[in-house]
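The text begins with a single residue and then widens to the chain as a whole.

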Amino acid sequence: QVQLVESGGGLVQPGGSLRLSCAASGSIFSIYAMGWYRQAPGKQRELVATFTSIGITKYADSVKGRFTISRDNSKNTVSLQMNSLKPEDTAIYYCNAAIRDFVSDYAEDYWGQGTQVTVSS
């Protein structure tokens, strides 16, 4: 069984910073893509930042220059440093990863439980 557990959400004032972390655990053979999505009330879930299966980083235009994604392959973790936060960044942030376990011949898509980020004065 593979699990993704996020941490680091909370309430922050506009212009502030937060750091989200996600750790993958369980019967992991290999992790391919790993990154972050978010979903604001009444909106569809959207990509925030990710490492693709070939190690390329992708960012949503709305967060470029403010957010930085990092990954530690030795610990199966991915983090998201969020600076200059805006009220429109308020959402539930979800960790996502494509992981192959020791039983399967292919990778499956996994999601964390989500962590709330609220940007408000």
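Serine 84 has a relative accessible area of 42%, so this residue is partly exposed; the term covers values between buried, under 20%, and exposed, over 50%, with a 1.4 Å probe and protein chains only. The model is predicted, so local features need pLDDT of at least 70 and side-chain atom pairs count only at pLDDT 80 or more, while totals for chains, interfaces and linings use all residues. Residues are numbered from 1 along each chain as its sequence is written, and side-chain values use heavy atoms, with hydrogens and water left out.

**Two loop residues**

Serine 84 belongs to the loop between S8 and S9. Although serine 84 is not a glycine, its phi is positive, at about 50°. Asparagine 76, which is not a glycine either, has a positive phi of about 55°. Its place is the loop between strand S7 (67-72) and strand S8 (77-82). With 24% relative accessibility, asparagine 76 counts as partly exposed.

**The chain as a whole**

The protein chain contains zero helices and 11 strands. Both are DSSP runs numbered from the N terminus: helices are H or I with at least four residues, strands are E with at least two. The radius of gyration of the protein chain, taken over C-alpha atoms, is 14 Å, close to the 14 Å that the globule rule gives for 121 residues, so the chain is as compact as a globular protein of that length. That rule is 2.2 Å times the number of residues to the power 0.38. Along the principal axes, the C-alpha atoms fill a box of roughly 50 × 25 × 25 Å.

Of the 121 residues in the protein chain, 40% are buried. Among contacts (heavy atoms within 4.5 Å) with a separation of 6 or more, 57% come from residues 24 or more positions apart. The chain exposes about 6500 Å², and carbon and sulfur atoms supply 48% of that area; accessible areas come from the Shrake-Rupley method with a 1.4 Å probe, and for residues only the protein chains shown count as cover.

**Aromatic pairs and a charge over rings**

How many aromatic pairs does a search of the whole structure find? The search finds three. Rings of Phe, Tyr and Trp (its six-membered ring) pair if their centres lie within 6.5 Å; planes under 30 degrees apart count as stacked, over 60 as edge-to-face and the rest as tilted. Two of the pairs are set out below.

| Pair | Centre distance | Plane angle | Arrangement |
|---|---|---|---|
| Tyrosine 37 and tryptophan 111 | 5.1 Å | 70° | edge-to-face |
| Tyrosine 94 and tryptophan 111 | 6.5 Å | 85° | edge-to-face |

Tyrosine 37 lies in strand S4 (residues 28-39) and tryptophan 111 in strand S10 (residues 108-111), so their pair ties together parts that are 74 residues apart in sequence. Tyrosine 94 in strand S9 (residues 91-101) and tryptophan 111 in strand S10 are 17 residues apart, and their pair also links distant parts of the chain.

Tyrosine 37 is partly exposed at 23%, and tryptophan 111 is partly exposed at 35%.

The charged end of arginine 45 sits over the ring of tyrosine 94, 3.8 Å from its centre. That charged end of arginine 45 also sits over the ring of tryptophan 111, 4.6 Å from its centre. A charge sits over a ring if NZ of Lys or CZ of Arg is within 6 Å of the ring centre and within 35 degrees of the ring normal.
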